[in-house]
Amino acid sequence: MANRYWNEYQKEIADDHYFYERSCIRQTFFPGSEAAFLSILRNELGKDICDSPHQHTCTGIGYHSDVVPFETTMTVVARLFSLMKESGYKNYVPSCVTSFGVFSEMVAKWHENPALKEQARAYLWEACKREFEEPENIAHPSDIIYKFRFELKPKMRYQLVNRFNGKPLRAVEHIGCHYAKIFPDKGVGKAEFPYVLAGMIEAWGGEVVDYPERRHCCGFGFRQYLVRENRGYSIANTKKKFESMEPYEPDFILTNCPGCAMFLDKWQYTISEMQNKTYDTEGYGIPVLTYEELTGLLLGRDPWQLGLQLHQVQCERLLDKIGIAYNPTEKYKGISGRINPMPAKPSCLKV
Amino acid sequence: MNNIIDYLRQDVRFGEALKACMNCGVCTAVCPAAEFYDYDPRRICETVQRGDEQEIEELLKSETIWYCGQCMSCKPRCPRGNVPGELISVLRKASQEFGYFNSSEKGRQQKQLMDTIQRNILEIGYCVHPDKVDPDYHPEQGPVWRWYRQHIEDIAPKLGANYHGEGSGALRNIPQEDLDEVRRIFEVTGGMDLKENVERQ
């Protein structure tokens, strides 16, 4: 009976032949995560995924900041679908959670209002002399890793187990709001029981920590962060989450939205500078991982090629708990082979 | 003549955003903006639903409509299927169209957003890019971000990025012919008109 009900909370995720769309925020702050996702799909899972050189932003950040009209975003989405068609693919995989929401919104509106889809066709033809088809399937990359989490597990060198005490590592997961709050049917577990990240954590040996503000927004708020004068909104909402999770002493935070990952990392630094406050017991902060970074780490990829050195909250203590081998001298080495000088140290947050 | 109300109804999102609000206030209870600002999406739905042209004009001139963070936490909670966050998008579009955004401090920030986010889209094809995240404007990004910006040409390729390269990959330059098509979409669909309207006010 329980399984029958849970089946209603599942979504269809395509098996193979994906068209990948990069994320403005993920490639800015976590370029190693996008590279890891493509590599894992191609190498560990043997999947076919297209990374078109002609792709561009979906305009989602501009749309939700109200500097790009609905009709413009709709037609930009149509152009991206046109690139997918031109490349011979039918399964669309947007890296960004905001994009995932934008694509889901446009397709839903076209289904509700077919005349709107015809308007998108007309706009796209007038602007670009292009035609498009709707994808057969839209899945977030975290959906795909979730779908294949048990196939990946035997290939993993590490598990989410604390090697010092043998207990499961305790993780809090944060799902980007636009993954399942706008279109609940598009998310694994819908809006009420989002399981896309919890499924990975549990499958790979960890323990998911529930906490009161688990579903509260990370605080991005688009214009509430993008304009400096508004950032109090952003940090206040993130702080609310930290205060809520602090008593449970999580080992790390896992996210599927690139913006959330960045804010949950960087606001810990900012709060520490403002209030001499960290949310772990030893002053290092709570490490934040993207799901691509977590998957890559457990598969044995080098932390410094995944880009963990770009995080403000340092991850070495977590790597030590998992038992992941790493070379500290490689951390700041670039492609040139030169070891670059270290970043400045924060005044409070330990590094 | 109900100029504003007619304009709102012409927006394809309006009918879905506000069907019939019963003022239960669940949207306000769950709203991150309502915790931080003096902001109440329930009252916004009520004001628009009442349909008083003068009241709606005052709303479009106010700070209030700019407080929403567009997280859309309101959507799955509304028992009537309204989407207050989407209604806000419709109101913000109208506020910019009628020039009312200029009456509020938060509304005037649209000029800055137009000059950063929309400009980025048109010039480089991304909303956000490391070159555009200046550590001096973003001190909250911390010393690691400043370090990454200083050494990005050495570090980004190690992470698999194609920083300012040709072809595919993260942070590559988008070909000019693709940028031209994106710009043409903005011209055809009203994106440039919105920009010019905001800049002109």
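In strand 7 of chain A, A:Leu254 is the residue standing opposite A:Glu173. This is a predicted model, and it comes with an ipTM of 0.98 and a pTM of 0.97.

**Around strand 5 of chain A**

Let's stay with this bit of sheet. Strand 5 of chain A and strand 7 (residues 252–255) of chain A run parallel, and four bridges hold the pairing. Strand 5 of chain A also has a parallel partner in strand 6 (residues 207–208) of chain A, this time through two bridges. Within strand 6 of chain A, the residue facing A:Ala171 is A:Val208.

How much of strand 5 of chain A is buried? Four of its five residues, across 170–174, are buried, so the rest of the structure largely encloses this strand.

**Domains, chain by chain**

Now for the contacts between the domains. In chain A, 24 residues of domain 1 are in contact with 26 residues of domain 2. Which elements of chain A give two or more residues to the domain 1 side of that contact? They are helix 2 (24–29), helix 3 (31–44), helix 4 (60–64) and helix 6 (97–112) of chain A. By residue type, the domain 1 side of chain A that touches domain 2 splits into 12 nonpolar, nine polar and three charged.

In chain B, four residues of domain 1 are in contact with five residues of domain 2. The domain 1 side there is made up of one nonpolar, two polar and one charged residue.

**Where the chains meet**

Between the chains, the contact involves 75 residues of chain A and 68 residues of chain B. Helix 5 (residues 70–86) of chain A gives the largest share of the chain A side, with six residues. Sorted by type, the chain A side that touches chain B has 33 nonpolar, 28 polar and 14 charged residues.

Helix 5 of chain A turns up again in the next stop: helix 5 of chain A is among the elements covering the buried residues of helix 12 of chain B, along with helix 7, helix 8 (105–124) and helix 11 (176–189) of chain B.

**Helix 12 of chain B**

Which residues of helix 12 (residues 191–200) of chain B are buried? The set is B:Gly191, B:Leu194, B:Lys195 and B:Val198. Around the axis these four span an arc of only 100°, so they sit on the same side of helix 12 of chain B. The background is simple: an α-helix takes 3.6 residues per turn, so residues three or four places apart point the same way. On the face turned away from the buried side, helix 12 of chain B carries the exposed residues B:Glu196 and B:Arg200.

**Chain B as a whole**

Zooming out, chain B has 12 helices and zero strands. The C-alpha atoms of chain B fill a box of roughly 60 × 35 × 30 Å along the principal axes. Chain B has 201 residues, and 46% of them are buried. Of the contacts in chain B with a separation of 6 or more, 61% join residues 24 or more positions apart. As for confidence, the average pLDDT of chain B is 97, and 99% of the residues score at least 70.

**Two positive phi angles**

B:Met72 is not a glycine, yet has a positive phi near 70°. B:Met72 belongs to the loop running between helix 6 (53–61) and helix 7 (84–97) of chain B. Is B:Met72 buried or exposed? With 23 C-beta neighbours inside 10 Å, B:Met72 counts as buried, because the cut-off is 20 or more.

A:Lys129 is the chain A case, a non-glycine residue with a positive phi of about 55°. A:Lys129 sits in the loop between helix 7 (114–128) and strand 4 (137–138) of chain A. A:Lys129 has 9 other C-beta atoms within 10 Å, so this residue is exposed.

Terms used:
Residues are numbered from 1 along each chain as its sequence is written. Chains are lettered from A and ligands numbered from 1 in the order in which they are written. This is a predicted model: local features need pLDDT of at least 70, side-chain atom pairs count only at pLDDT 80 or more; totals for chains, interfaces and linings use all residues. A residue is buried if 20 or more other C-beta atoms lie within 10 Å of its own, exposed if 12 or fewer, and partly exposed in between; C-beta atoms are placed from the backbone. Two residues are in contact if their C-beta atoms, placed from the backbone, lie within 7 Å. Ala, Val, Leu, Ile, Met, Phe, Trp, Tyr, Cys and Pro count as nonpolar, Asp, Glu, Lys and Arg as charged, and the others, Gly among them, as polar. Two strands pair if DSSP finds at least two bridges between them. The arc is that of the directions from the helix axis to the C-beta atoms. pLDDT is the predictor's confidence in each residue, from 0 to 100.
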